[in-house]
Structure formats: C-alpha cells, structure tokens
Amino acid sequence: VDINRSVNEEINEKLNVLKITAKYFTEKDLENPKKIVEKFKAIVEENDFQEMGISYSDGTSYLNTGEIINVKDREYFQVSMNGIEHVSYLVDSKLYSKEVNVYSVPVTKDDKVIAVLWASILTEDFYTNLNLEIMNQLGDVYIIDDSGNLICGVETSEYNFFKFIQSDENYKKNNKNLDDMMQDITNLKDNYKVFIY
C-alpha cells in the first residue's frame with residue numbers, strides 16, 4: 001500500500017474542490033456572504049465535509065450551517081490570508097466537541113487575498129477515507145507533519161507525536177530512535193523505528 005500516495009490524493013482532492021470554488025467568487029458574491037453559503041450545501045454533502053465557511057480579513061466566518069464564528073486565531077486562516085493553501089493538523093472544532101482537520105485556500109482578486117475559503121472534516125472521517133488496508137493490520141496508526149503534529153490517528157490526549165513519545169517514562173530508551181526518526185523525516189527518508197512505550 002502506498003500510504004504517501006493515498007494521503008496526498010485525499011488531501012489534493014479536497015483542496016481542489018476549494019480552489020475551484022474560490023476561483024469563481026466575484027466581488028459582488030463576497031458582498032453577500034449569506035448567498036455564498038447557500039452554495040455550500042451540495043459541496044459539503046458531496047465531499048464529506050463537516051462544515052464549510054467563508055472568512056473575511058477580520059476572521060468573521062459565515063458557515064453552511066448558518067452560524068457566524070470568528071477564526072482569526074486559527075493557523076489555517078492566518079496561513080491562507082497570506083496566500084497559501086493549507087491543511088491543518090488535528091484541531092478542536094469551534095462548534096463541536098470533536099477533532100477536525102481543516103482545508104483552507106485564499107480567495108484572491110487582482111492578486112490580493114480578500115478572504116479565506118475553508119472546510120473541515122472530522123478527523124475520524126479523514127482517517128477512514130484514507131482506506132488504507134495496512135491500518136487494519138497495525139495497532140495504532142498516526143499521520144504526522146514534519147514537526148510531529150498529529151494530522152490524524154487514533155485518539156490521544158497529546159496532539160504532537162514527538163511530545164507523546166517524550167512524555168513517557170521510557171523516553172530515554174526512545175531518545176536515539178526519536179532523534180533518528182526526526183532526521184529521517186527532515187531528509188524525506190523512508191524508514192521505521194521501534195519505540196518502547
């Protein structure tokens with residue numbers, strides 16, 4: 001099973017949906033956010049999103065659910081306001097007591113970012129959508145970014161895999177393997193390490 005390809009395909013598919021949607025917003029559309037969110041219903045249903053929103057430069061966000069929240073403090077909003085597509089690591093939803101991953105893309109007009117379009121997916125659904133057969137053969141599977149932040153995986157109280165390993169009393173036994181793993185990730189090197197936990 002090519003885990004890398006499966007993860008990238010899942011992420012790119014969702015980002016493409018947002019990019020295509022964002023591309024067709026006009027300035028007139030953006031003046032009426034309630035009209036924009038009416039278009040989100042079908043997109044949410046077709047792509048298994050939990051929610052979808054349009055956020056303006058102050059963070060005010062209009063959601064497909066009819067709710068209005070502020071996401072100014074969220075990393076995905078800040079990154080996409082700087083013109084970059086983003087997929088968040090695992091975060092707590094502002095609306096539900098569940099963990100989600102958020103996809104976000106900038107909405108631009110005349111090369112200027114004027115809003116952020118984003119959609120969240122329940123982390124458990126993201127995990128299931130990857131549909132990796134290898135996951136059935138392993139006990140716990142975590143997908144992390146290069147800083148150790150948990151993108152998806154089994155439930156844990158720690159959102160960073162490196163900190164999770166370091167929090168165990170056996171950390172000294174794992175120190176070398178964790179350092180090696182971090183180096184392998186930095187060098188984009190396939191490998192495996194055994195941790196005592």
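Analyst: D73 is exposed, with 52% relative accessibility. Here exposed means over 50% relative accessible area, buried under 20%, and partly exposed in between (1.4 Å probe, protein chains only). The model is predicted: local features need pLDDT of at least 70, side-chain atom pairs count only at pLDDT 80 or more, and totals for chains, interfaces and linings use all residues. Residues are numbered from 1 along each chain as its sequence is written, and side-chain values use heavy atoms, without hydrogens and water.

D73 pairs with K94 in a salt bridge (a side-chain nitrogen of Lys or Arg within 4 Å of a carboxyl oxygen of Asp or Glu). Their closest N and O atoms are 3.1 Å apart. The pair links distant parts of the chain, 21 residues apart. D73 sits in the loop between β3 (68-70) and α5, K94 in the loop between β5 (91-92) and β6. Helices (H or I, at least four residues) and strands (E, at least two) are DSSP runs, numbered from the N terminus. K94 is partly exposed, at 38%.

The structure holds 4 salt bridges. Another of them joins K19 and E85, at 3.5 Å from N to O. K19 lies in helix α1 and E85 in the loop between α5 (75-81) and β4 (86-87), so this pair ties together parts 66 residues apart in sequence. K19 is partly exposed at 33%, and E85 is partly exposed at 37%.

K14 and E10 also form one, with closest N and O atoms 3.4 Å apart. Both lie in helix α1, 4 residues apart, about one turn of the helix. K14 is buried, at 3% relative accessible area. E10 is buried too, at 9%.
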